[in-house]
Amino acid sequence: MTEEILAVTDLHVSFKTQAGMVTAVRGVNFNLNKGETLAIVGESGSGKSVTAKAIMRLLPKHNAQISQGGILYEGQDLLNLSVNDMQKVRGSEIAMVFQDPMTSLNPTMRIGKQIMEGLLKHQKLSKTVAKEKALQMLELVGIPNAKERLEAYPHQFSGGMRQRVVIAMALACNPHILIADEPTTALDVTIQAQILQLMKDLQEKMDTAIILITHDLGVVANMADHVAVMYAGEIVEQGTLDEIFYQPQHPYTLGLLRSMPNLSASRSEPLIPIPGSPPDVMTLGTGCPFAARCPHTMKVCHDFLPKYTHLSDSHTVMCWLQDERTPSAQIPEEVGSVYE
Ligand SMILES: Nc1ncnc2c1ncn2[C@@H]1O[C@H](COP(=O)(O)OP(=O)(O)OP(=O)(O)O)[C@@H](O)[C@H]1O
């Protein structure tokens, strides 16, 4: 039985910039189930990291504003928590791993001490027990000579080992949710695979739910139960892994799949990059944000934003092609059948 642990509803995030207000996230909705992985994919600037930081309440205070929406974690809206209560949630119940491990590590502090810090703060363990747990975590994430390595500083680790340490730190307090923002992008392919496998193993052991942010659809194929495809601050399609990979309905999802090396190579089809680039969210018009790049655009696409169409309990898409008012004759054959 699936059990929902997080529900993000109608999330809007804006930034005050010199050029004016930028709404970087515009009405994002998704649910996350216990023990499952939701991958958020999309090109650079689509709002993936901003969504993750909004959940953690880690957006810059001076210019970011969550103007609308809710982030329900186990029934409580994180947006209503006091700073103190949010600090308790952060780290102990929801943890985050960033692309660059040095974002989370203090270069001047020994690794063991850094892992212990969270345990002492959130779990009120004695120093001896916290040190024992830190050692166990380093062993769990596969750091060789873990006992000696507790005394080492971050610069004495390779990039891959540093990311393992960060995952150990993030998981030390058994969080219910791990948000991983491009956790392996900076690592070479072999290390990348090891770290992702490690995350999968730990997820199974600890029943952690994961939000995985990535550009890499190969990673998604290996890791995700559900996938949300973001474009210009909105989730334009979401569904189970199979729905997104085998029955993609949004032309943008189709475009992403076609520009992905792994899947296409097995079909001996050439890779087709999506022409053009994402729109500037400051100058979006009233229509579909993907219209300017879409090969199947209709007049309505330029004028009105499509609504979500529910194709199954898990599969939704925001595209005029799927709207019940669009005659089926206008739906191109390739939509929904690209990798069948
Ligand atoms: N601190 C900030 N100040 C102003 N605007 C910001 C800030 N952070 C993000 N944005 C805006 O939000 C948009 C989305 O950024 P975000 O980092 O979420 O993209 P992303 O999908 O995670 O991209 P990437 O894959 O490159 O990390 C950016 O294009 C930018 O317009």
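How many bridges join S3 to strand S8, and in which sense do the two run? I looked that up first. I got 5 bridges between S3 and S8 (residues 209-214), with the strands running parallel. For the record, strands here are DSSP runs of E with at least two residues, helices are runs of H or I with at least four, and both are numbered from the N terminus. Two strands count as paired if DSSP finds at least two bridges between them.

Housekeeping before going on. My residue numbers start from 1 along each chain as its sequence is written. This is a predicted model, so I kept to its rules: local features need pLDDT of at least 70, side-chain atom pairs count only at pLDDT 80 or more, and totals for chains, interfaces and linings use all residues.

**Strand S3**

I checked the other neighbour too: S3 pairs with strand S9 (residues 226-231), also parallel, over 4 bridges.

Next I asked about burial (buried means 20 or more other C-beta atoms within 10 Å of the residue's own, exposed 12 or fewer, partly exposed in between, with C-beta atoms placed from the backbone). In S3 (residues 37-41), 5 of 5 residues are buried. Side chains in a regular strand alternate between the two faces of the sheet. Here Thr37, Ala39 and Val41 sit on one side and Leu38 and Ile40 on the other, and both faces are covered.

**Helix H3**

Last stop: H3 (residues 111-122). I found 12 residues reaching 18 Å from first C-alpha to last, close to the 16 Å expected; that expectation is 1.5 Å times one less than the number of residues. Ile111, Gly112, Gln114, Ile115, Met116, Gly118 and Leu119 are buried in H3. The buried residues pack against helices H2 (83-92), H4 (127-140), H5 (146-149) and H6 (159-171). Following H3, I noted Lys124 with a positive phi, near 50°.

Technical notes:
Two residues are in contact if their C-beta atoms, placed from the backbone, lie within 7 Å.
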